[in-house]
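Thanks, everyone, for making the time this morning.

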Amino acid sequence: MMFSNMLSLGDIKKEPFVIENIRWDLQPKDLMEPRQKMTGEGVQTREPIKGYVFYIDTMAEMPILFLMRHTAADYAETLAQIDEIPQELLAEAVEENKAKAYFGMYPVNKKVEEWLKKELGVL
């Protein structure tokens, strides 16, 4: 990991580049899709994905909100853990997105996205 410690919500607020490059349109599964796959029309290559993606991890006792950095070269690292968010919001997002789970990772829902945007000042 590039950083010695996980970043916090306060740290992210001080990083305009990170805030400007958050990908609200992506889910954890999107990041894990193969770069190339065979189709009936030959090899299909997906567009490179780069930016920052929030996701909810459920491998611990309670859901945790994280921020991942993903590069065009398909390198990813978790940069931040957001502890300030109410647990009820995370539990509701996990329940709402049960069908979108990917190895214990869940996408954020609209309520979590709205909370984050308010906290980061991007509304």
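Predicted model: local features only at pLDDT ≥ 70, side-chain atom pairs only at ≥ 80, totals over all residues.

Let me begin where helix H4 meets helix H5: on the H4 side the residues are Leu-89, Leu-90, Glu-92 and Ala-93, and on the H5 side they are Lys-111, Val-112 and Trp-115. As for the geometry, H4 and H5, the latter covering residues 110–120, pack at an angle of about 145 degrees, and their axes are 8 Å apart.

Staying with H4, which of its residues are buried? They are Leu-89, Leu-90, Ala-93 and Val-94, and because they cover an arc of only 135 degrees around the axis, they sit on the same side of H4. What do these buried residues pack against? They pack against strands S3, S4 and S6 as well as against H5. The face of H4 that is turned away from the buried side carries Glu-88 and Glu-96, which are exposed.

That brings me to the sheet, which is open, has 4 strands in the order S5-S4-S3-S6, and is paired in the antiparallel sense. Its edge strands are S5, residues 76–82, and S6, each of which pairs on one side only. H4 packs on this sheet, touching S3, S4 and S6, and the direction of H4 makes about 90 degrees with that of S3. S3, which runs over residues 51–57, pairs with S6 over 2 bridges, and Asp-57 stands opposite Met-105 in S6.

Is Asn-97 buried or exposed? Its relative accessibility is 5%, so Asn-97 counts as buried. If we leave aside the neighbours within four places in sequence, Asn-97 is in contact with Tyr-106, Pro-107, Val-108 and Asn-109.

Finally, I would like to turn to another loop residue, Leu-26, which lies between helix H2 (16–20) and helix H3 (28–32). Leu-26 has a relative accessible area of 13% and is therefore buried, the cut-off being under 20%. Again leaving aside neighbours within four places in sequence, Leu-26 is in contact with Leu-31, Ile-49 and Val-53. Leu-26 and Tyr-52 are 26 residues apart in sequence, while their C-alpha atoms are 9.2 Å apart in space.

Conventions: Residues numbered from 1 in each chain as written. Heavy atoms only, no water. Buried < 20%, exposed > 50% of the residue type's maximum accessible area, 1.4 Å probe, protein only. Contact = heavy atoms within 4.5 Å. Axes fitted to C-alpha atoms, helices over the stretch in contact; angles between N-to-C directions. Pairing = 2+ DSSP bridges. Arc of directions from axis to C-beta.
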